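Dear colleague,

I am handing over the structure below, and after it I set out what was found. Please read the notes with the sequence and the model open beside them.

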Amino acid sequence: MSRPPAPPELDAEESVYLSGRPDRRLADPELMGPRMRRRRAFSLILLTLVFPGSAQLATGNRTLGRVAVRCWLSLWVLAFLSGMLFLVHRTAFLGLFGRSWFLTVLQWGLWGFAALWGVLFLDAWRLGQPGRLVTQARRWLTGLTAGLLVVTSGGLVYAASSVGAGKDALNSLFTGKRAVAATDGRYNILLLGADSGKSRVGTRPDSIQLASVDAETGRAVMFGFSRDMENINFRPGSVMQRLMPEGWNCGDECLLNGIYTWAENHRAEFPPGTQNPGVLATREAVEAVSGLDVHYYVMVDLKGFQRMVNAVGGLDVTVQRRTPIGGETSPISGWIEPGRQHLDGFHALWYARSRTGSTNYDRMARQRCVMTALVDQVDPQTVLTRFQKIAAASSGMVHTDLPQSELGYFADLAMKTRSQKIKSVNFVPPLIKPWAYDANFVRQQVAATIAASEKSRAGAKTPAAKASRSSTGSTASIGSGGSRAAGSGSGAKSGTGRSGGTSAAPPKRGATGSQAPVQPGGQAAEADLASVCSAT
């Protein structure tokens, strides 16, 4: 019978190592041969990567190891509880990241663990006694330790700084103090795209949209209002009805977007404590036109739009029409050509702002297009890799009265909305003539569109009253706002008196007793605003 092969002979140091006491084998590298010392050194580094503190428990400072292991296990417990909270109550989970105090705790926690992990790696490198390794092994060990330090501690430091940037952005953006309850199960959010360029006097919201969102399902409808709308009569009891009892009716000098500037120039006439008279006036104008209560507003200023687009790495947009860069008061310096284009901040801003050779409705559609592209194309990967740039760019660009306490709920609602198709109705030619329209028709279209959206919800029962809430001149309330104003007529009213009016530079009075003229650039009927461009 053949005998099994004899085991390989061990050198003297390895024999001593294997015969030594088990508790000394890792702790005392002097009992090892060169190969075992190399394995031990690299093992301590890898143990620190997968289970921080285990290297110290095995062969170093056990007090430090126990502290690190407890911290590591606590992180896994918190991660498990966070995952369960996300599955059970997603709104509460998202709400935590909308709280400044939570972000502060998270930021300090990340900094603390980054420092602890760095100490553990350096200590594991020391315990590996690199001075007793051959030159090549020592270099590989040092390089591996440095690389893992950058990935782990460096990554946590970056995450902590990103959390701090996010906290600062939240504190500067979401300054609202009052949470508002939904009306008839819906939230109506005013979306304003403001342009305060160098060539303009004051800020004007050129893009005015109203998003009506089901508070439970997130199903949304979007209403677009032309900046050229005239003849707006405010709701009884509203601030603007008190200031303008005969409405915003002075012909082509009293456009929907112009009421923002008027209100900012007449701050002293508004109730004490009014922080943004322009938004208040625009909000009440949209409420009067649409027949809906506006709960919150979000205003994006195009002067910061260029920085935001650059922060996210540009936008992919399918351009339908050749669009000039420049024009009006400056020479045309270039063109944005039709077809699929990747636009940086400069070109995206010009695409949204360009006026030459297009109507106001074209411009409105292009602004909506780039805003939609920005929302649709900012994916989680982009946010994670460019978060600090995005947070810095958002400062001064976005204004809203949405309070931090509601961020979790609306983040969850936004996720539901993005997963569904959004119905859009734009009150522009040929649907209506902004300078001569029937306000009752606008309200009927708004109510009917919302009713149709609710009917399409599976298993939902649509209240019959919603379809006819705006069918008369003095419509029933959609919410708690009381009765509606009688509605704007098709012509400008005579006697456009204002109460107050002591501030400088009030708007000039337009023609009275006759139809207001067509607005410059607004004569052409646009059958489909979506044809101007489409986001990819």
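E264 is partly exposed, with a relative accessible area of 22% (buried means under 20%, exposed over 50% and partly exposed in between, with a 1.4 Å probe and protein chains only), and R267 is partly exposed as well, at 41%. These two residues form a salt bridge whose closest N and O atoms are 2.9 Å apart, the term meaning a side-chain nitrogen of Lys or Arg within 4 Å of a carboxyl oxygen of Asp or Glu.

This is a predicted model, in which local features need pLDDT of at least 70 and side-chain atom pairs count only at pLDDT 80 or more, while totals for chains, interfaces and linings use all residues. Residues are numbered from 1 along each chain as its sequence is written, and side-chain values use heavy atoms, leaving out hydrogens and water.

The whole structure holds nine salt bridges. Among them is the pair D123 and R126, at 2.7 Å from N to O; the two residues are three apart in helix α6 (residues 100–127), and therefore separated by about one helical turn (helices are DSSP runs of H or I with at least four residues, and strands are runs of E with at least two, numbered from the N terminus). D123 is buried, with a relative accessible area of 13%, whereas R126 is partly exposed at 48%.

Another salt bridge joins E337 to R322, with the closest N and O atoms 3.1 Å apart. This pair links distant parts of the chain, E337 lying in the loop between β8 (330–336) and β9 (339–343) and R322 in the loop between β6 (315–319) and β7 (323–327).
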